[in-house]
Amino acid sequence: MLIQCARCGFYVSSFEKKCLNCGRSISSKKITAGYMQIAGKPALFALFFSLLLALPVTIFLFGGFYNLFQLLITGLSVYLIIFAFLFRLEFKKHDAPEQEKIYNPLSTLDGKARLIEKRIGELSKRGQKIDSVLDKIKETDSPQLQDVRARLLSAREVVISQFARYELQKQKIELVRLQNSVSPYLFELHRLGEAEMENGLASIETTAREINRMRQNLTRYDAIEFPPRAVPEKENFLAQLAETENSCEKLREALLAKQAMRALQDIQPLEESLHLPVAKDLAHTAETFNIQSTLTDFSESFDELEREYKRLKAEDEASRKFMDE
(Lines give C-alpha, C1' and ligand atoms only; values in the text may rest on other atoms or scores of the structure.)
Protein backbone atom coordinates (compact mmCIF):
# COMPACT_ATOMS: atom_id res chain seq x y z
CA MET A 1 0.00 0.00 0.00
CA LEU A 2 1.24 3.49 -0.88
CA ILE A 3 0.95 6.50 1.44
CA GLN A 4 1.24 10.09 0.25
CA CYS A 5 3.51 12.35 2.27
CA ALA A 6 1.46 15.17 3.82
CA ARG A 7 4.37 17.58 3.35
CA CYS A 8 5.51 17.10 -0.26
CA GLY A 9 2.99 14.67 -1.84
CA PHE A 10 5.60 11.97 -2.57
CA TYR A 11 4.28 8.40 -2.46
CA VAL A 12 6.03 5.86 -0.22
CA SER A 13 5.32 2.34 0.92
CA SER A 14 3.39 2.00 4.17
CA PHE A 15 6.43 0.11 5.51
CA GLU A 16 8.67 3.19 5.24
CA LYS A 17 9.43 5.27 8.33
CA LYS A 18 10.10 8.47 6.43
CA CYS A 19 9.35 10.16 3.14
CA LEU A 20 12.15 9.38 0.69
CA ASN A 21 11.73 12.78 -0.93
CA CYS A 22 11.66 15.23 2.00
CA GLY A 23 12.53 13.09 5.05
CA ARG A 24 9.37 13.77 7.03
CA SER A 25 8.17 10.96 9.32
CA ILE A 26 5.25 9.06 7.87
CA SER A 27 2.63 9.90 10.49
CA SER A 28 0.18 7.14 9.56
CA LYS A 29 2.76 4.46 10.21
CA LYS A 30 3.99 6.15 13.37
CA ILE A 31 0.47 6.37 14.83
CA THR A 32 -0.33 2.79 13.84
CA ALA A 33 2.88 1.53 15.45
CA GLY A 34 2.17 3.52 18.62
CA TYR A 35 -1.37 2.14 18.80
CA MET A 36 -0.15 -1.42 18.39
CA GLN A 37 2.28 -0.94 21.27
CA ILE A 38 -0.33 0.38 23.69
CA ALA A 39 -2.93 -2.17 22.62
CA GLY A 40 -1.03 -4.90 24.49
CA LYS A 41 0.46 -4.96 27.97
CA PRO A 42 0.62 -1.16 28.50
CA ALA A 43 -3.12 -0.87 27.81
CA LEU A 44 -3.89 -3.67 30.27
CA PHE A 45 -1.61 -1.97 32.78
CA ALA A 46 -3.56 1.29 32.41
CA LEU A 47 -6.90 -0.53 32.67
CA PHE A 48 -5.89 -2.43 35.83
CA PHE A 49 -4.63 0.58 37.76
CA SER A 50 -7.52 2.80 36.73
CA LEU A 51 -9.92 0.16 38.12
CA LEU A 52 -7.94 0.02 41.38
CA LEU A 53 -7.93 3.78 41.73
CA ALA A 54 -11.47 4.60 40.62
CA LEU A 55 -13.46 3.19 43.57
CA PRO A 56 -11.34 4.48 46.53
CA VAL A 57 -11.02 7.89 44.89
CA THR A 58 -14.81 8.07 44.40
CA ILE A 59 -15.60 6.99 47.98
CA PHE A 60 -13.09 9.46 49.37
CA LEU A 61 -14.45 12.38 47.35
CA PHE A 62 -18.20 11.69 47.19
CA GLY A 63 -18.98 8.90 49.68
CA GLY A 64 -20.79 11.20 52.11
CA PHE A 65 -23.03 12.79 49.48
CA TYR A 66 -24.33 10.07 47.11
CA ASN A 67 -26.33 6.86 47.39
CA LEU A 68 -24.94 3.56 46.02
CA PHE A 69 -26.26 4.04 42.44
CA GLN A 70 -24.93 7.57 42.16
CA LEU A 71 -21.65 6.43 43.66
CA LEU A 72 -21.28 3.73 40.99
CA ILE A 73 -22.03 6.22 38.19
CA THR A 74 -19.53 8.67 39.62
CA GLY A 75 -17.00 5.87 40.07
CA LEU A 76 -17.39 4.88 36.41
CA SER A 77 -16.79 8.49 35.35
CA VAL A 78 -13.69 8.72 37.52
CA TYR A 79 -12.50 5.39 36.10
CA LEU A 80 -12.85 6.65 32.52
CA ILE A 81 -10.96 9.85 33.34
CA ILE A 82 -8.10 7.96 35.01
CA PHE A 83 -7.95 5.38 32.21
CA ALA A 84 -7.90 8.08 29.49
CA PHE A 85 -5.09 9.89 31.31
CA LEU A 86 -2.95 6.73 31.73
CA PHE A 87 -3.72 5.61 28.17
CA ARG A 88 -2.63 8.95 26.69
CA LEU A 89 0.48 9.01 28.87
CA GLU A 90 1.51 5.57 27.62
CA PHE A 91 0.75 6.57 24.01
CA LYS A 92 2.98 9.66 24.26
CA LYS A 93 5.79 7.57 25.73
CA HIS A 94 5.82 5.24 22.72
CA ASP A 95 5.14 7.95 20.17
CA ALA A 96 7.74 10.53 21.26
CA PRO A 97 10.95 8.84 19.96
CA GLU A 98 9.54 8.70 16.40
CA GLN A 99 8.47 12.37 16.53
CA GLU A 100 11.85 13.50 17.82
CA LYS A 101 13.87 11.53 15.28
CA ILE A 102 15.68 13.76 12.80
CA TYR A 103 16.66 12.18 9.50
CA ASN A 104 19.84 13.03 7.62
CA PRO A 105 18.83 15.57 4.92
CA LEU A 106 21.36 14.10 2.47
CA SER A 107 19.52 10.78 2.58
CA THR A 108 16.51 12.44 0.89
CA LEU A 109 15.91 13.58 -2.68
CA ASP A 110 15.31 17.15 -1.50
CA GLY A 111 18.65 17.20 0.33
CA LYS A 112 20.53 15.83 -2.67
CA ALA A 113 18.76 18.27 -5.01
CA ARG A 114 19.85 21.22 -2.86
CA LEU A 115 23.43 19.95 -2.77
CA ILE A 116 23.41 19.49 -6.55
CA GLU A 117 22.26 23.10 -7.03
CA LYS A 118 25.07 24.22 -4.72
CA ARG A 119 27.67 22.22 -6.67
CA ILE A 120 26.38 23.53 -10.00
CA GLY A 121 26.69 27.08 -8.68
CA GLU A 122 30.24 26.47 -7.45
CA LEU A 123 31.30 24.89 -10.73
CA SER A 124 29.72 27.71 -12.71
CA LYS A 125 31.72 30.31 -10.76
CA ARG A 126 34.91 28.27 -11.19
CA GLY A 127 34.30 28.02 -14.93
CA GLN A 128 33.71 31.78 -15.18
CA LYS A 129 37.04 32.48 -13.45
CA ILE A 130 38.87 30.18 -15.87
CA ASP A 131 37.15 31.78 -18.89
CA SER A 132 38.02 35.24 -17.59
CA VAL A 133 41.75 34.41 -17.53
CA LEU A 134 41.60 32.58 -20.86
CA ASP A 135 40.14 35.67 -22.53
CA LYS A 136 43.21 37.67 -21.46
CA ILE A 137 45.81 35.23 -22.83
CA LYS A 138 46.49 35.79 -26.52
CA GLU A 139 47.91 33.38 -29.07
CA THR A 140 50.90 35.72 -29.52
CA ASP A 141 51.87 35.58 -25.84
CA SER A 142 55.00 33.87 -24.54
CA PRO A 143 55.43 30.05 -24.43
CA GLN A 144 55.08 30.19 -20.65
CA LEU A 145 51.61 31.76 -20.96
CA GLN A 146 50.71 29.29 -23.67
CA ASP A 147 51.52 26.51 -21.23
CA VAL A 148 49.30 28.21 -18.65
CA ARG A 149 46.58 28.47 -21.28
CA ALA A 150 46.80 24.74 -22.01
CA ARG A 151 46.44 23.97 -18.30
CA LEU A 152 43.46 26.29 -18.03
CA LEU A 153 41.78 24.62 -20.98
CA SER A 154 42.35 21.21 -19.37
CA ALA A 155 40.89 22.46 -16.09
CA ARG A 156 37.95 23.95 -17.98
CA GLU A 157 37.17 20.55 -19.51
CA VAL A 158 37.13 18.97 -16.04
CA VAL A 159 34.78 21.67 -14.72
CA ILE A 160 32.42 21.31 -17.70
CA SER A 161 32.44 17.54 -17.31
CA GLN A 162 31.54 17.76 -13.63
CA PHE A 163 28.92 20.40 -14.35
CA ALA A 164 27.28 18.08 -16.90
CA ARG A 165 27.41 15.12 -14.55
CA TYR A 166 25.70 17.08 -11.75
CA GLU A 167 23.09 18.21 -14.26
CA LEU A 168 22.58 14.54 -15.09
CA GLN A 169 22.06 13.74 -11.39
CA LYS A 170 19.49 16.54 -11.31
CA GLN A 171 17.66 14.91 -14.23
CA LYS A 172 17.75 11.56 -12.40
CA ILE A 173 15.94 13.09 -9.43
CA GLU A 174 13.35 14.51 -11.82
CA LEU A 175 12.84 11.06 -13.33
CA VAL A 176 12.38 9.45 -9.90
CA ARG A 177 9.73 12.03 -9.04
CA LEU A 178 7.98 11.49 -12.37
CA GLN A 179 7.94 7.73 -11.84
CA ASN A 180 6.61 8.28 -8.33
CA SER A 181 3.75 10.49 -9.56
CA VAL A 182 2.58 7.66 -11.84
CA SER A 183 3.19 4.72 -9.49
CA PRO A 184 -0.13 4.92 -7.53
CA TYR A 185 -2.09 4.33 -10.72
CA LEU A 186 -0.13 1.13 -11.29
CA PHE A 187 -0.05 -0.33 -7.78
CA GLU A 188 -3.68 0.63 -7.04
CA LEU A 189 -4.96 -0.23 -10.53
CA HIS A 190 -7.56 -2.74 -9.34
CA ARG A 191 -9.31 -0.19 -7.09
CA LEU A 192 -9.23 2.98 -9.20
CA GLY A 193 -12.45 4.90 -9.79
CA GLU A 194 -13.35 6.69 -13.02
CA ALA A 195 -11.99 10.07 -11.87
CA GLU A 196 -8.76 8.48 -10.64
CA MET A 197 -8.24 6.73 -13.98
CA GLU A 198 -8.66 10.05 -15.78
CA ASN A 199 -6.06 11.57 -13.43
CA GLY A 200 -3.77 8.64 -14.19
CA LEU A 201 -4.04 9.16 -17.93
CA ALA A 202 -3.32 12.89 -17.50
CA SER A 203 -0.30 12.09 -15.29
CA ILE A 204 1.05 9.65 -17.89
CA GLU A 205 0.68 12.28 -20.62
CA THR A 206 2.56 14.83 -18.51
CA THR A 207 5.29 12.29 -17.80
CA ALA A 208 5.72 11.58 -21.53
CA ARG A 209 6.16 15.31 -22.25
CA GLU A 210 8.69 15.71 -19.44
CA ILE A 211 10.70 12.71 -20.63
CA ASN A 212 10.97 14.25 -24.12
CA ARG A 213 12.10 17.54 -22.57
CA MET A 214 14.75 15.77 -20.47
CA ARG A 215 15.99 13.89 -23.51
CA GLN A 216 16.36 17.16 -25.40
CA ASN A 217 18.23 18.77 -22.49
CA LEU A 218 20.78 15.98 -22.49
CA THR A 219 21.77 16.70 -26.11
CA ARG A 220 23.56 19.83 -24.86
CA TYR A 221 26.27 17.57 -23.43
CA ASP A 222 26.78 15.29 -26.43
CA ALA A 223 30.22 16.75 -27.20
CA ILE A 224 31.48 16.56 -23.61
CA GLU A 225 34.16 13.99 -22.88
CA PHE A 226 33.28 12.21 -19.63
CA PRO A 227 35.82 10.34 -17.49
CA PRO A 228 36.04 6.62 -18.36
CA ARG A 229 34.06 5.53 -15.27
CA ALA A 230 31.25 7.97 -16.08
CA VAL A 231 30.95 7.21 -19.80
CA PRO A 232 28.10 4.64 -19.44
CA GLU A 233 26.20 6.92 -17.04
CA LYS A 234 24.46 8.99 -19.69
CA GLU A 235 23.65 5.94 -21.85
CA ASN A 236 22.18 4.15 -18.83
CA PHE A 237 20.04 7.16 -18.02
CA LEU A 238 18.77 7.40 -21.60
CA ALA A 239 17.86 3.72 -21.34
CA GLN A 240 15.97 4.49 -18.11
CA LEU A 241 14.05 7.23 -19.89
CA ALA A 242 13.08 4.85 -22.68
CA GLU A 243 12.09 2.16 -20.19
CA THR A 244 9.94 4.58 -18.20
CA GLU A 245 8.31 5.79 -21.41
CA ASN A 246 7.53 2.21 -22.42
CA SER A 247 6.18 1.34 -18.97
CA CYS A 248 3.94 4.42 -19.00
CA GLU A 249 2.52 3.30 -22.32
CA LYS A 250 1.78 -0.17 -20.88
CA LEU A 251 0.02 1.45 -17.92
CA ARG A 252 -1.93 3.74 -20.28
CA GLU A 253 -3.14 0.69 -22.19
CA ALA A 254 -4.23 -0.96 -18.94
CA LEU A 255 -6.15 2.14 -17.82
CA LEU A 256 -7.89 2.54 -21.19
CA ALA A 257 -8.79 -1.16 -21.27
CA LYS A 258 -10.25 -0.86 -17.76
CA GLN A 259 -12.31 2.14 -18.85
CA ALA A 260 -13.48 0.27 -21.95
CA MET A 261 -14.50 -2.72 -19.84
CA ARG A 262 -16.62 -0.51 -17.59
CA ALA A 263 -18.15 1.37 -20.54
CA LEU A 264 -19.19 -1.84 -22.30
CA GLN A 265 -20.15 -3.74 -19.16
CA ASP A 266 -23.24 -5.95 -19.58
CA ILE A 267 -23.32 -5.22 -23.34
CA GLN A 268 -21.00 -7.92 -24.66
CA PRO A 269 -18.58 -10.50 -23.23
CA LEU A 270 -15.44 -8.36 -23.18
CA GLU A 271 -13.10 -11.15 -22.23
CA GLU A 272 -13.76 -12.75 -25.61
CA SER A 273 -13.52 -9.59 -27.73
CA LEU A 274 -10.71 -7.65 -26.01
CA HIS A 275 -7.17 -8.64 -25.16
CA LEU A 276 -7.03 -7.04 -21.73
CA PRO A 277 -3.66 -6.61 -19.97
CA VAL A 278 -3.21 -9.08 -17.14
CA ALA A 279 -1.03 -8.87 -14.05
CA LYS A 280 1.98 -10.56 -15.65
CA ASP A 281 1.94 -8.03 -18.52
CA LEU A 282 2.48 -5.24 -15.98
CA ALA A 283 5.18 -7.04 -13.99
CA HIS A 284 8.03 -5.30 -15.83
CA THR A 285 6.24 -1.97 -15.45
CA ALA A 286 6.15 -2.53 -11.69
CA GLU A 287 9.90 -3.15 -11.70
CA THR A 288 10.45 0.12 -13.58
CA PHE A 289 8.46 2.03 -10.97
CA ASN A 290 10.27 0.36 -8.06
CA ILE A 291 11.41 3.64 -6.48
CA GLN A 292 13.69 2.01 -3.91
CA SER A 293 15.67 0.23 -6.63
CA THR A 294 15.92 3.44 -8.69
CA LEU A 295 17.06 5.41 -5.65
CA THR A 296 19.78 2.88 -4.87
CA ASP A 297 21.19 3.21 -8.39
CA PHE A 298 21.00 7.01 -8.19
CA SER A 299 22.68 7.16 -4.77
CA GLU A 300 25.64 5.09 -5.96
CA SER A 301 26.38 7.37 -8.93
CA PHE A 302 25.75 10.50 -6.85
CA ASP A 303 28.13 9.37 -4.08
CA GLU A 304 30.84 8.53 -6.63
CA LEU A 305 30.50 11.99 -8.20
CA GLU A 306 30.66 13.67 -4.78
CA ARG A 307 33.88 11.81 -3.93
CA GLU A 308 35.41 12.93 -7.23
CA TYR A 309 34.30 16.54 -6.67
CA LYS A 310 35.78 16.68 -3.17
CA ARG A 311 39.06 15.12 -4.37
CA LEU A 312 39.47 17.70 -7.13
CA LYS A 313 38.53 20.51 -4.77
CA ALA A 314 41.13 19.35 -2.22
CA GLU A 315 43.80 19.20 -4.96
CA ASP A 316 42.85 22.71 -6.10
CA GLU A 317 43.07 24.11 -2.57
CA ALA A 318 46.44 22.43 -2.00
CA SER A 319 47.73 23.91 -5.26
CA ARG A 320 46.57 27.41 -4.29
CA LYS A 321 48.17 27.11 -0.88
CA PHE A 322 51.46 26.05 -2.48
CA MET A 323 51.37 29.02 -4.90
CA ASP A 324 50.67 31.49 -2.07
CA GLU A 325 53.72 30.38 -0.06
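Visitor: How do the axes of helix 4 and helix 5 cross, and within what distance do they come?
Guide: Keep in mind that this is a predicted model. The axes of helix 4 (residues 109-136) and helix 5 (residues 143-187) cross at roughly 160 degrees and come within 9 Å.

Visitor: Parallel or antiparallel, then?
Guide: Roughly antiparallel, because angles over 145 degrees fall in that class.

Visitor: And is the crossing left-handed or right-handed?
Guide: The crossing of helix 4 and helix 5 is left-handed.

Visitor: What classes of residues does that contact have?
Guide: Between helix 4 and helix 5, the contact has 16 nonpolar residues, 11 charged ones and four polar ones.

Visitor: Which residues of helix 4 are buried?
Guide: Leu 109, Leu 115, Leu 123 and Leu 134 are among them, along with Ile 116, Ile 120 and Ile 130. The buried set also includes Lys 112 and Arg 119, as well as Gly 111 and Gly 127.

Visitor: How far does helix 4 reach?
Guide: From its first C-alpha to its last, helix 4 reaches 41 Å with 28 residues, close to the 40 Å expected.

Visitor: Now the loop between helix 4 and helix 5. Where does Asp 141 sit, and what does it touch?
Guide: Asp 141 is in that loop. Leaving out residues up to four places away in sequence, Asp 141 touches Lys 136 and Gln 146. Asp 141 counts as partly exposed, because its relative accessibility is 25%.

Visitor: Switching topic: where is Ser 203, and is it buried or exposed?
Guide: Ser 203 lies in helix 6 (residues 194-218). Its relative accessibility is 13%, so Ser 203 counts as buried, the cut-off being under 20%.

Visitor: What does Ser 203 touch?
Guide: Ser 181, Val 182 and Tyr 185, not counting residues up to four places away in sequence.

Visitor: Which other residues of helix 6 are buried?
Guide: Besides Ser 203, the buried residues of helix 6 include Met 197, Gly 200, Leu 201, Ile 204 and Thr 207. Further along, Ile 211, Met 214 and Leu 218 are buried too.

Visitor: And how long is helix 6?
Guide: Helix 6 has 25 residues and reaches 37 Å from first C-alpha to last, close to the expected 36 Å.

How values were computed: Residues numbered from 1 in each chain as written. Predicted model: local features only at pLDDT ≥ 70, side-chain atom pairs only at ≥ 80, totals over all residues. Heavy atoms only, no water. Helix = DSSP H or I, 4+ residues; strand = E, 2+ residues; numbered from the N terminus. Buried < 20%, exposed > 50% of the residue type's maximum accessible area, 1.4 Å probe, protein only. Contact = heavy atoms within 4.5 Å. Axes fitted to C-alpha atoms, helices over the stretch in contact; angles between N-to-C directions. Parallel < 35°, antiparallel > 145°, perpendicular 65-115°, else oblique. Left-handed = near helix turned anticlockwise from the far one by under 90°. Nonpolar A, V, L, I, M, F, W, Y, C, P; charged D, E, K, R; others polar. Expected span 1.5 Å × (residues − 1).
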